[in-house]
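Subject: A structure to look through

Hello,

I am passing on the structure we talked about, and below it you will find my notes on what turned up. Please keep it open beside the text while you read.

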Amino acid sequence: VSPAADPAVISPQDPTLLIGSSLVATCTVSPDFPLKAEDLYWTLNGRRLPAASYATLGPSTLSVALARLNGSRQQSGDNLVCHSRDGGILAGSCLYVGLPPEKPVNITCWSKNMKDLTCKWAPGTEGETFLHTNYTLKYKRRWYGQDNTCQEYHTAGTYSCHIPKDLALFTPYEIWVEASNRLGVAVSDVVMLDILDVVTTDPPSDVHVSRVGDLEDQLSVRWSSPPALKDFLFQAKYQIQYRVEDSSEWKVVDDVGNQTSCRLAGLRPGTVYFVQVRCNPFSIYGSKKAGIWSDWSNPTAASTPRSERVAGGCDPKGGEQNTTLRRELKQFFGWVKKHAYGCSNLGIKLYDQWRVWLQKSHKTRNQV
Amino acid sequence: GDSWGIFTFLCAALCNLPALPALNCSEELGAGQSIQQTYDLTRYLEHQLRTLAGTYLNYLGPPFNEPDFNPPRLARAERVPSATVDLDLWRGLTDNARLAANYRAYSRLLCYLRVLDGQVGTAELRHRLAHFCASLQGLVLSIGGVMSSLGYPLPAGPAAPPAGPPGVPAAPNDFLKKMDDFWLLKELQTWLWRSAKDFNRLKKKVPPAVVTLRLEARGF
C-alpha cells in the first residue's frame, strides 16, 4: 500500500533565481516517517552536496546553503533532491537559474506576392539559453486596430513567424517581438512597414539557355516573368548570374531591365555554363521603390559551341596521315639533299609512294 | 529504416479499417498477417522509444538520465497501467484478454504522452514526441484491427479529452512531474517488451491465412 502523503517537503518548491544568487533550501520530513535530520542528505543534479553546507533547523528539518548559482544545466530546471541515508528520494525541487531575456533585434520581414508576411528576428546578444524563452511576434495597423499575435512560428528558421492572411495594403504596420521567460519580458523596437515595401516573388519560370547560332562566345537566356504578379502594376527588374561548370565564381549581369531575354557574351567556347535568373518586383503600383529579390531560379545548363578542327584524325585519302611525322620526314629529306651526295631520289614523294604501296598490299592481303 | 517502419505501421493501421477507400488492400488479409504486423510495430516502437527516452531523460537532467536511477513509485504514478504481471496469470490469459490488456494500456499511455507533448520545452523533443505519438496511435489501431478480425469487441472507453484521462490530477510540483514522466517512459518500455511476447504467443495460436499481401498503396 503506497503512502498517501509525500515523504518530505522541500522549500522553496521550484523557485526561479538570477544567476549568481544564493539560496537556502529546507527539507522537512513528514511526521508519518521515522526519519530525523541526521538521516538526510542533499544532491544537486545527481552530485552530493558537501555536509559543510548543511544545517539542522529542527528534529526533522535539514537545510542546505547554495551560493553563487550558475545558470541551470538544463532548461527543465536543476534537480535539487533530499535523500534518506540509504539513497532513497524523499522530495525534490527544480531550480530555474538564468537571466531575464534581452530585446530581440534585427527584425526583417518580407511578403510573398503581397499575400502574406513572414518576419524573422534574432535574440538579443547571444540569446540566453538557461531558461526557456518564448517569443511572440505582434503586429497592428498604425493609428488603429488592436494588437494581433502571429501564430505560425519557425517557418523560416527558429526565430521566425508567418502571418498568412488578413493583411491590408497601402497602410503602415507596426511590428515587434516580445521575448519572455521566467525572469521577465523584453520587447524589441517597433518596426514600421507597408506590405508593398517588402514584396518579393517567385523566381522566374521557364528559364531557357540556348546557343546563338554558331557563335562560340555567346549564349541566349530567355525566361518568363513570375505569373503571380501579372495582375499587379509593376515593373520587374531581373538579374542573371552564370558560372563555368567547374568553378564556384558567379558572374552577375545586373542591368537587365524589364526584358525577359538577354544575351551573354564574352564566353569561352566549348564550355558548359550554369545560369540562374532572379526577379525583383520593382515599382509596385508605381511606387518607384525596389522590392526584395526573389530566390534564384534552378540552374539551367548549356554549352557554347566549339569550332571543329581535326588534329591528326584518320584521313583515308592518305595525304594527311600523321602530319607531325610527315613534317619531320620532309625536314630530314631536305637536310639529306643538302648534306648527302647521291640519294637524290630520296624525298618526301618517295615516302608518299611507299605509303600508297603499303595500303595496296594491305588490301590484297585482307582480300584473301 | 524509418520510412519502412512508417510504411509498415500505416499499412497495418489502414488495412484494418474497412471503411477507408484510399488504400486498396487485398481482402484476404487474415488475422495472422495482422498479428505479425502488430508484432513488427511493437519492435519498431521499441527502437524509436530508445532514442526518444534518451533525449527526454537528458532534458530532465541528472539523476533522471543516470542508468541506475530508480526512484520510488509514488501513489500518483500508479495511474499508469503496469505491464508487469504474474507469469502464470500471463500464461493463462485468453486471446481476448491478452489483446484487450494491450489495447487499454496503449490507449492510456498515448493520452499521457500527448499531454507531455503540450508541455515540453525544446523543439527537437516536441518533434520526436509528435512522431512517436503518431506511431503509437498506429499501434493502437493495429491492435484494434486484430481484435475486430478475430471477432472480439473493442474495450469500452470514450476517447480521452486532450487534458488527459479524467479524474487524474496533474502533478503538484515540477519535480514530481519529472518523476511521473520518468515512470511513463519506463512503463512504455516495459509494455513494448511485453507486447512482443504477447504477439509472439498469439502468432502461434492463430495460424496465418494463406495470403499474399497485395497492397496498392498510393502516395507512399
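Predicted model: local features only at pLDDT ≥ 70, side-chain atom pairs only at ≥ 80, totals over all residues.

Chain B

Chain B contains 6 helices and 2 strands, and when it is read along the sequence these elements follow the pattern α-β-α-α-α-α-α-β. Of the 220 residues in this chain, 47% are buried.

Helix 5 of chain B, which covers residues 123-149, has 27 residues, and the span from its first C-alpha to its last is 39 Å, close to the 39 Å expected at 1.5 Å a residue.

This helix also has a packing partner in the chain. Two packed helices are described by the angle between their axes and the distance between the axes. For helix 2 (residues 31-60) and helix 5 of chain B, the angle is about 160° and the axes are 9 Å apart. Angles over 145 degrees count as roughly antiparallel, and helix 2 and helix 5 of chain B are therefore roughly antiparallel to each other. The crossing in which helix 2 of chain B passes helix 5 of chain B is left-handed, and the residues of the contact divide into 16 nonpolar, 11 polar and 2 charged.

In the loop between helix 2 and helix 3 (87-92) of chain B you will find Pro63(B), and the peptide bond that leads from Pro62(B) to Pro63(B) is cis, with omega near 5°.

Sheets and strands of chain A

One open sheet in chain A is formed by 5 strands in the order 2-9-8-4-5, with mixed pairing. Strand 2 (16-18) and strand 5 (47-48) of chain A stand at its edges, and because each has a single partner strand, one side of each is left without a neighbour in the sheet. Strand 2 of chain A pairs with strand 9 (residues 89-98) of chain A in the parallel sense, over 3 bridges, and here Leu18(A) has Gly98(A) in strand 9 as its bridge partner.

Another open sheet of 5 strands in chain A, again described as mixed in its pairing, has the order 14-15-11-10-19. Its edges are strand 14 (152-153) and strand 19 (199-200) of chain A, each with a single partner strand, so one side of each is left without a neighbour in the sheet. Strand 14 of chain A runs antiparallel to strand 15 (residues 160-163) of chain A, and 2 bridges join them; Tyr153(A) stands opposite Cys161(A) in strand 15.

Strand 3 (residues 23-29) of chain A deserves a look as well. Of its 7 residues, 5 are buried, so this strand is largely enclosed by the rest of the structure. Strand 3 of chain A pairs with strand 1 (residues 8-11) in the antiparallel sense over 4 bridges, where the partner of Val9(A) is Thr28(A). Strand 3 of chain A is also joined to strand 7 of chain A by 6 bridges, with the two running antiparallel, and Thr26(A) stands opposite Ser63(A) in strand 7.

Further along chain A, a hairpin joins strand 22 to strand 23 through 6 residues.

Loops of chain A

Most residues other than glycine have a negative phi, and most peptide bonds are trans. Against that background, a few loop residues of chain A may interest you.

Asn113(A), in the loop between strand 10 (105-112) and strand 11 (117-122) of chain A, has a positive phi near 55° and is buried, with a relative accessible area of 8%. His154(A), placed in the loop between strand 14 and strand 15 of chain A, has a positive phi of about 65° although it is not a glycine, and His154(A) is partly exposed, with a relative accessible area of 46%. The peptide bond from Ser11(A) to Pro12(A) is cis, with omega near 0°, and Pro12(A) sits in the loop between strand 1 and strand 2 of chain A.

Best wishes

Terms used: Residues numbered from 1 in each chain as written. Chains lettered and ligands numbered in written order. Heavy atoms only, no water. Expected span 1.5 Å × (residues − 1). Pairing = 2+ DSSP bridges. Axes fitted to C-alpha atoms, helices over the stretch in contact; angles between N-to-C directions. Parallel < 35°, antiparallel > 145°, perpendicular 65-115°, else oblique. Left-handed = near helix turned anticlockwise from the far one by under 90°. Nonpolar A, V, L, I, M, F, W, Y, C, P; charged D, E, K, R; others polar. Buried < 20%, exposed > 50% of the residue type's maximum accessible area, 1.4 Å probe, protein only.
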